[in-house]
Amino acid sequence: MTATANDDRKERFRQLHAQTYGDLLRFVERRVPPAEAEDIVSTVFLTAWRRYDDLPDDARPWLFGVARGVLANQTRGWLRRRALDVRMVAEDGPADDHSGAAASRVDLQRAWRAQRPADREVLALVLFDGLTVEQAAEVAGVRVSTFAMRLSRARRRLLSAYVGTSDDAVLSITCPQAIKGQS
Amino acid sequence: MNTDLSDLQQFTALDPAAEREPSQAEWNRSRQAVERMMNGEEPAQRARVLTSRRFAVGLVAAAAVAVTGVVGVPALFPSTAERAVADWMPTPGSLTGAAVLPQAKACAGGGVGGLNAGAVTPDQVVLADQRGVTTQLIVKQGAALAECLVVDTDRPLASMAMDESRPATAAKPITIETYSSRGEGDDEYSSVVGRIDPAVTGVDVILGDGTVIRTTAKATWWGAWWPGPAAGQVDAFTVRVHTAKGTTDYKPSQLTPGD
């Protein structure tokens with residue numbers, strides 16, 4: 001590789017880092033304690049640099065997929081293939097001035113916590129990480145149809161748990177892409 | 001394909017990273033790390049390296065390497081694992097849930113397994129195995145269940161979500177849920193966690209050099225951790241199970257799910 005080509009490659013990688021670092025840090029911090037996140041993100045970028053030629057045009061899901069593999073390897077040696085678990089905002093997190101809203105939050109937390117880790121992960125990829133079903137399937141390493149089926153089941157179970165704990169399970173209308181403002 | 005999740009919008013309030021933006025210091029560290037790796041300075045730049053936790057099952061390990069291509073992770077807090085290993089002892093301390101409540105809260109504070117740190121109580125500590133400054137914990141809160149290694153009272157070293165769907169039985173009185181190793185050189189350590197039937201009166205881990213490690217067994221769980229790589233290798237240690245009928249030795253591969 002010529003020096004110029006190498007410089008171009010480095011510049012493109014700097015741009016990739018600038019475009020994805022924040023998203024990647026958030027993705028990782030949703031799944032591990034914040035103190036561990038920087039190391040994992042650093043490892044993902046190291047992997048991406050070493051596999052530069054494999055990077056697709058839409059690199060964000062690819063990086064998330066690498067992060068998911070690093071997390072599985074880093075968090076513990078998992079004897080069987082298991083879903084990563086997703087953290088939930090702490091109950092002593094952002095204060096809520098309205099007691100009704102606080103009560104609803106407790107219901108949401110209770111319903112979320114009642115789900116299986118695999119379901120939480122499927123839901124979080126779309127709801128928290130802002131991925132489309134196609135992108136989330138790539139991150140999870142499964143076919144789009146398989147992911148869509150898992151998502152549908154997880155959604156049904158979560159809503160069922162929520163309706164079972166809440167008196168006012170108001171269902172609002174917003175598409176998931178609009179929720180996170182991403183495609 | 002219906003991908004409309006509008007009815008789940010309310011759950012985005014639970015996103016733990018919704019408002020998270022990297023600080024300027026984090027941006028700077030990450031940019032510097034990228035520059036170093038592009039200049040080929042990794043991993044030589046790292047003063048100390050913690051390798052990724054090695055899988056005990058070769059097939060899984062191969063898959064993990066294929067996915068990640070990871071060779072090492074820079075350690076921000078190398079002294080934590082180092083102190084844990086340095087203070088290790090083969091016989092664990094006997095602990096109550098109340099005695100390790102701070103560690104249990106630290107375990108739950110990581111958010112792994114769906115635990116709520118603010119609601120942890122002593123009776124939720126299913127197992128606590130303390131060796132030196134490090135405590136291995138299993139904490140159960142309703143359906144939420146997680147296992148952690150915590151150094152001192154507040155430094156989580158590792159954690160993972162668990163489930164209770166594979167209990168031991170009279171026919172198979174002991175199982176292993178997970179075993180693995182992490183670290184490198186003097187910092188390397190192994191850990192194992194599994195289930196036991198009430199008929200089991202004790203469990204020891206026997207390393208290849210003959211070292212006997214007394215594990216902690218409580219209720220339906222057992223666990224231990226120790227310095228060295230044995231749990232990152234296939235069948236590199238023996239599990240000795242004591243019951244009223246006698247003693248039986250197993251290789252880890254005999255105790256894993258599906259065997």
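**Entry 1: a hairpin in chain B**

I began with strand E14 of chain B, which is joined by 5 bridges to strand E15 (residues 246-250) of chain B, the two running antiparallel. I take strands as DSSP runs of E with at least two residues, and helices as DSSP runs of H or I with at least four residues, numbered from the N terminus. I count two strands as paired if DSSP finds at least two bridges between them. E14(B) and E15(B) make a hairpin, with 2 residues between them. I looked up B:Val241 and found B:Thr248 as its bridge partner in E15(B).

I note that this is a predicted model, in which local features need pLDDT of at least 70 and side-chain atom pairs count only at pLDDT 80 or more, while totals for chains, interfaces and linings use all residues. Residues are numbered from 1 along each chain as its sequence is written, and chains are lettered from A and ligands numbered from 1 in the order in which they are written.

**Entry 2: the sheet around the hairpin**

I then followed E14(B) to its other neighbour. Strand E10 (residues 200-207) of chain B pairs with strand E14 (residues 237-243) of chain B in the antiparallel sense, over 7 bridges. Here B:Val203 stands opposite B:Val241. E10(B) is also joined to E11(B), antiparallel, by 3 bridges, and B:Asp204 stands opposite B:Arg214 in E11(B).

**Entry 3: a second sheet in chain B**

I found an open sheet of 4 strands in the order E4-E5-E6-E7 of chain B, with antiparallel pairing.

E4(B) is joined to strand E5 (residues 134-141) of chain B by 6 bridges, and the two run antiparallel. I recorded B:Leu137 in E5(B) as the bridge partner of B:Ala128. Helix H4 (residues 101-109) of chain B lies across E4, E5, strand E6 (144-151) and E7 of chain B, at about 65° to E5(B).

**Entry 4: two positive phi values**

Most residues other than glycine have a negative phi. B:Asp152 has phi near 55° and is in the loop between E6 and E7 of chain B. B:Ala219, also with a positive phi of about 55°, is in the loop between strand E12 (216-218) and strand E13 (221-227) of chain B.

I call a residue buried if 20 or more other C-beta atoms, placed from the backbone, lie within 10 Å of its own, exposed if 12 or fewer, and partly exposed in between. B:Asp152 is partly exposed, with 15 such atoms, and B:Ala219 is exposed, with 12.

**Entry 5: chain A**

I counted 8 helices and 0 strands in chain A. Buried residues make up 46% of its 183 residues.

How values were computed: Two residues are in contact if their C-beta atoms, placed from the backbone, lie within 7 Å. Axes are lines fitted to C-alpha atoms, for helices over the stretch in contact, and angles run from 0 to 180 degrees between N-to-C directions.
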